[in-house]
Amino acid sequence: MKIKFILFLFGLIYILLPKKGAAQNLRLKPIWGNDVFQTEKKYFLSTKNDSFQISLCKFYLSEIELYKKGNLVYKEDNSFHLINLNDCLSLSFSLKGNDLQFDEIRMNIGIDSSTNVSGIMGGDLDPIHGMYWTWQSGYINFKIEGKSNSSKNKTGSFSYHLGGYAEPFLCVQQISLKTSSSPLVNINFDLAKFVSLLPIQTKPEIMSPSEMAVMLSKHLATCFK
Amino acid sequence: MKKTSLFFCLMLIALLAFKLPDESLFKVPENWPKPHYDFSKNPLTKEKIFLGRTLFYDPILSADNCVSCSSCHSPFTAFTHTDHTLSHGIEDRIGTRNSPALMNLAWQKSFMWDGAIHHLDAQALAPISHPDEMGSNIADVVNRLQKKNRYKKLFAQAYGDSLVSGERTLKAISQFMLTLVSSNSKYDKVQRKEPGFSFTEAEAKGYELFKSNCAVCHAEPLFTNNEYENNGLEPDTNLNDIGRKKISQKESDLYKFKVPSLRNIEFSYPYMHDGRYQNLEMVLFHYSNNIFDSKTLSKHLKKKIQLSSEDKSNIISFLKTLSDESFLRNNQNGFPR
């Protein structure tokens, strides 16, 4: 009896002790300028008089790689992460490597062409997540929807679905961020910066691959830091 | 000794890994090209095909539980919908295009009249989500399936556990569609020199005319070159369907549509993307007398095709040799029991 209890205690201590070689965690932090961003909250852009209330923002991070002095030190297998600002669990995830030393993170915003033409996949790539176009094949890389007083739509809504896997409308973007090795790396995503360039007044909706979608995807890539 | 047996084991494993799907489930017909579909990413099994077939015939895929894939793609008419020019969907809203015959899909590079869909696995998403067709979405479909004991059982048999996902659902539907191979028409038997089969005089003459006038686009043995062409149909200003341009956004693709296969053509009327022709006589009249000239008209049709009325009826006789009774009557493809 006693022995069992002691064994149990040891087991418990073992489980609770911090493991050597901590896993590498990444966390995405949505911000609005200097503030923590929240969905459904009404924001104003200081430069213009536009108001923004964002109800949905979902996108893919993929092909995550870590570099040290320009050399690849880690590449995540099967690296596809669906980020949903309404689901805080989706905002952080851990990589499989331990005790990694790196000074740079590279990743894609969106899904690359070859994955796009390989058919339907599961997990975060399963089309049940609503990130796959139906009337025309291909993943939606980035989705943002909400309301704005400047939108010309009757309901004041806007929605931008960015994607396109083939030239000339290839939308996936690689970003590279300088960082220092740490078990938890934060990546800021500045929504104020992103929405500042949305053509809210002239084109409150983008729902298919186009030149404008490519332009906005390039802008999106500059909003992570 | 040990080494050689190891070698043979490895060879066997390599062979198994690279072989095409199980011959009893899918066989590449003699003299046909290699299929375009990558079977290694979705290996066929009897259980998955059966699951896909069950889904294909089940209205559970639609929002109002009334429309199944087979409502528009019936097995007796080469999986097209014959009574209506434009396919009917839920609440009887009319779609804007004629449903194409479903067969030999493993050889097709893109789907839909304008090639909007680039992979067979993604195909079912379009009708499931289209408000004029089934008016649902894949997340709801997965929810509905998860609640049915019958599907829990079928998914478990197919995938080892009863989890229903979008990927599994779509890949199973693909598996069933991949098995729809039509390669046993009279034409095929004549080509294979099977004893007792030869063309009649009219069919043989029609075949020669077909090769010189039609086969650049409707290329043997699949009777399509898998390209997009403008075959000179006068644009319908009500529907205003711009074809491939909608997808590529290139002016040079205006009014181009995917070249359809002509197998089982006798049964898949009405014809063309908008179903404008009721019978093959009208189609041949189109090609000989009614070509609408425009910037993107195919160069193969710039010169008038001269066909006497006898020529036309010979071509039609030949086209009827592409009918495959064993495919149309195959119980394996029908409603699952």
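In chain A, strand β8 (residues 104–109) pairs with β11(A) in the antiparallel sense, over six bridges. The model is predicted.

**Strand β11 of chain A**
- Within the pairing, Arg106(A) has Ser176(A) in β11(A) as its bridge partner.
- Strand β11 spans residues 173–178 of chain A, and its covered face carries Gln173(A), Ile175(A) and Leu177(A).

**Met131 of chain A**
- Met131(A) sits in the loop between α2 (113–116) and β9 (140–147) of chain A.
- Met131(A) counts as buried because its relative accessibility is 0%, and the cut-off for buried is under 20%.
- Leaving aside residues up to four places away in sequence, Met131(A) touches Lys58(A), Phe59(A), Tyr60(A), Leu82(A), Tyr139(A), Ile140(A), Asn141(A), Phe142(A) and Lys143(A).
- One of these, Leu82(A), is 49 residues from Met131(A) along the chain, and their C-alpha atoms are separated by 9.1 Å.

**Contact between chain A and chain B**
- The contact involves 19 residues from chain A and 22 residues from chain B.
- Ile120(A), Ile128(A) and Thr134(A) provide 33% of the area that chain A buries against chain B, more than any other three residues.
- The two chains bury about 1600 Å² between them, with 61% of it on carbon and sulfur atoms.
- Nine residue pairs are in polar contact between chain A and chain B, both residues being at pLDDT 80 or more.
- By class, the chain A side of the contact has ten nonpolar, eight polar and one charged residues.

**Backbone features**
- Most residues other than glycine have a negative phi, and most peptide bonds are trans.
- Glu167(A) and Pro168(A) are joined by a cis peptide bond, with omega about 0°; Pro168(A) lies in the loop between β10 (157–163) and β11 of chain A.
- A cis peptide bond, with omega about 0°, also joins Glu220(B) and Pro221(B); Pro221(B) is in the loop between α10 (201–213) and β1 (228–229) of chain B.
- Asn78(A), in the loop between β5 (71–75) and β6 (80–84) of chain A, has a positive phi near 45° and is exposed, with a relative accessible area of 68%.
- Asn31(B) has a positive phi of about 65° and lies in the loop between α1 (2–18) and α2 (46–56) of chain B.
- At 65% relative accessibility, Asn31(B) is exposed.

Methods. Residues numbered from 1 in each chain as written. Chains lettered and ligands numbered in written order. Predicted model: local features only at pLDDT ≥ 70, side-chain atom pairs only at ≥ 80, totals over all residues. Heavy atoms only, no water. Helix = DSSP H or I, 4+ residues; strand = E, 2+ residues; numbered from the N terminus. Buried < 20%, exposed > 50% of the residue type's maximum accessible area, 1.4 Å probe, protein only. Contact = heavy atoms within 4.5 Å. Pairing = 2+ DSSP bridges. Buried area = accessible area lost by both parts, 1.4 Å probe. Polar contact = N/O pair within 3.5 Å; in protein donor to acceptor, adjacent residues only side chain to side chain. Nonpolar A, V, L, I, M, F, W, Y, C, P; charged D, E, K, R; others polar.
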